[in-house]
Amino acid sequence: MSFSSKSDVKFEDRFDKYLDPSFFQHRIHWFSIFNSFMMVIFLVGLVSMILMRTLRKDYARYSKEEEMDDMDRDLGDEYGWKQVHGDVFRPSSHPLIFSSLIGSGCQIFAVSLIVIVVAMIEDLYTERGSMLSTAIFVYAATSPVNGYFGGSLYARQGGRRWIKQMFIGAFLIPAMVCGTAFFINFIAIYYHASRAIPFGTMVAVCCICFFVILPLNLVGTILGRNLSGQPNFPCRVNAVPRPIPEKKWFMEPAVIVCLGGILPFGSIFIEMYFIFTSFWAYKIYYVYGFMMLVLVILCIVTVCVTIVCTYFLLNAEDYRWQWTSFLSAASTAIYVYMYSFYYYFFKTKMYGLFQTSFYFGYMAVFSTALGIMCGAIGYMGTSAFVRKIYTNVKID
C-alpha cells in the first residue's frame with residue numbers, strides 16, 4: 001500500500017532543489033567573470049596599441065630602407081622581423097605530430113563549444129551520465145574537423161605520409177582518454193568499486209573509434225588536403241635556413257613557453273574552482289552561461305598572449321614560431337594541473353591508491369585536452385597574424 005501526496009512543484013522544476021544558487025551565483029563568481037572580462041578588454045587594447053604603433057614604425061622604417069640605394073642599405077642596421085621573411089613560413093619541426101595536435105585541438109574546441117551550447121539549452125545535469133554521452137557523441141560527430149585542419153596543415157607543410165598523420169590525429173585523444181580510463185579501471189576492478197567500467201562499454205568505445213571516428217576523420221583529411229592544402233604563403237621560403245642569432249635569455253622559446261600560460265590560466269582560475277567542486281565534490285554544475293563566457297575569454301586572452309610572444313620572437317630574428325606559439329598557449333595546462341594538486345590536498349578528503357589514481361589520472365586527461373585546445377587556438381590566431389604582417393610588407 002503506497003501513499004502519495006500532490007506536489008506544487010512543476011515537473012520541469014523538480015531538480016531545482018538539488019541546485020545551489022547561493023554557491024554558483026555567489027558575488028565572487030560574478031566578480032571573477034567581470035574581472036576576467038576587464039582583463040580581456042585591457043589586454044586586447046594593450047596588444048592593439050603596442051602592435052599597431054610598433055608595426056607602423058616597422059613599416060615606415062622598411063619603406064625608408066626601400067628608398068635607399070644599395071650602399072646606404074648595406075651600412076644601415078638590419079634587424080627585426082622582416083629579416084626572417086625567407087624562413088618564417090618554413091615547415092615546423094616534426095610536422096606530422098604538430099599537425100595532428102592542431103587538428104585535435106580544433107576538434108576539442110568544437111566539442112567544448114557544442115556541448116556547452118547543448119547543456120545551456122537541454123539541462124543535461126538532470127540525468128546521470130548524459131553530459132558524458134553527449135560529449136562522446138559530439139566528439140565522434142566532429143571528427144571531420146580534426147581531419148580537415150590537421151590534414152590541410154600537414155599538406156601545406158609538405159608532408160607526404162598523410163595516412164599516418166590521419167591515424168595519429170584520429171587516435172591521439174581517444175588513445176589518451178581510453179588508456180587512462182582502462183588503467184584506472186583495472187584498479188577499480190581490484191578494489192571491487194562501483195566506478196568500474198563494464199567490459200561491454202570498453203568494446204563499444206573501441207568500435208566507435210574504429211567505425212565512426214576514423215572514417216569521418218578520413219573524409220575531413222581528404223577535404224582539407226584538396227580545399228586548403230596548397231602552400232600559398234606571401235613570402236618565398238629560402239632553400240638554406242638562416243642562422244638564428246644570439247639573444248637575451250628572456251627571448252628564448254623555452255622561457256616564452258613557460259610564461260605564456262600564466263595569463264590564460266589567470267582568466268579561468270576562479271571558474272576552475274567551481275568546475276572542480278562540481279566534478280569532485282557534491283555540487284551540481286548548471287551555470288553553463290558562465291562557462292561559455294569563460295571559454296570566450298580564454299580564447300581571446302590566449303590569442304593575444306601568443307601574438308605578443310611571437311612578435312617578440314620574430315623581432316629577435318628567431319623564426320621557430322610554430323611550436324613556440326602552440327606550446328606557450330598549451331602551457332596553461334601545466335598551471336591547471338599544478339592547481340589540481342592544491343585542490344586535492346586542501347579542498348578534498350580523498351585518500352588511498354584508487355581515489356588518488358582516479359583523481360590525478362582524469363585531471364591529467366582534462367589538463368592535457370585543455371592544453372591541446374589552447375595550443376591550437378593560440379597557433380591559429382598567431383598564424384593569421386604572421387600571414388597578415390608579411391603580406392603587408394614589400395619583399396624583394
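Biologist: Why is Phe360 called buried?

Modeller: In this predicted model, Phe360 has a relative accessible area of 13%. Buried means under 20%, so Phe360 counts as buried.

Biologist: What makes the pair of Tyr344 and Phe360 tilted?

Modeller: The ring centres of Tyr344 and Phe360 are 4.8 Å apart, with the planes at 50°. Rings pair if their centres lie within 6.5 Å, and planes under 30 degrees apart count as stacked, over 60 as edge-to-face and the rest as tilted. An angle of 50° falls in the rest, so the pair is tilted. Tyr344 lies in helix 13 and Phe360 in helix 14, so the pair ties together parts that are 16 residues apart in sequence. Tyr344 is buried too, at 6%.

Biologist: What makes Trp323 and Phe326 an edge-to-face pair?

Modeller: The structure holds 38 aromatic pairs. In the pair of Trp323 and Phe326, the centres are 6.0 Å apart and the planes are at 90°. Planes over 60 degrees apart count as edge-to-face, so this pair gets that name. Both residues lie in helix 12, three residues apart, about one turn of the helix. Trp323 and Phe326 are both buried.

Biologist: How do you know that the length of helix 11 agrees with its number of residues?

Modeller: Helix 11 has 28 residues, which should span 40 Å at 1.5 Å a residue. Its end C-alpha atoms are 41 Å apart, which agrees. Of these 28 residues, 20 are buried, so helix 11 is largely enclosed by the rest of the structure. Glu317, which follows helix 11, has a positive phi, near 60°.

Biologist: Why does Arg90 count as buried?

Modeller: Its relative accessibility is 17%, and the limit is under 20%, so Arg90 is buried. Arg90 sits in the loop between helix 3 and helix 4. Among the residues that Arg90 touches are Val237, Pro241 and Tyr319. A polar atom of the Arg90 side chain lies 2.9 Å from the backbone oxygen of Asn238.

Key:
Residues numbered from 1 in each chain as written. Predicted model: local features only at pLDDT ≥ 70, side-chain atom pairs only at ≥ 80, totals over all residues. Heavy atoms only, no water. Helix = DSSP H or I, 4+ residues; strand = E, 2+ residues; numbered from the N terminus. Buried < 20%, exposed > 50% of the residue type's maximum accessible area, 1.4 Å probe, protein only. Polar contact = N/O pair within 3.5 Å; in protein donor to acceptor, adjacent residues only side chain to side chain. Contact = heavy atoms within 4.5 Å. Expected span 1.5 Å × (residues − 1). Lists of a residue's contacts leave out its neighbours within four places in sequence.
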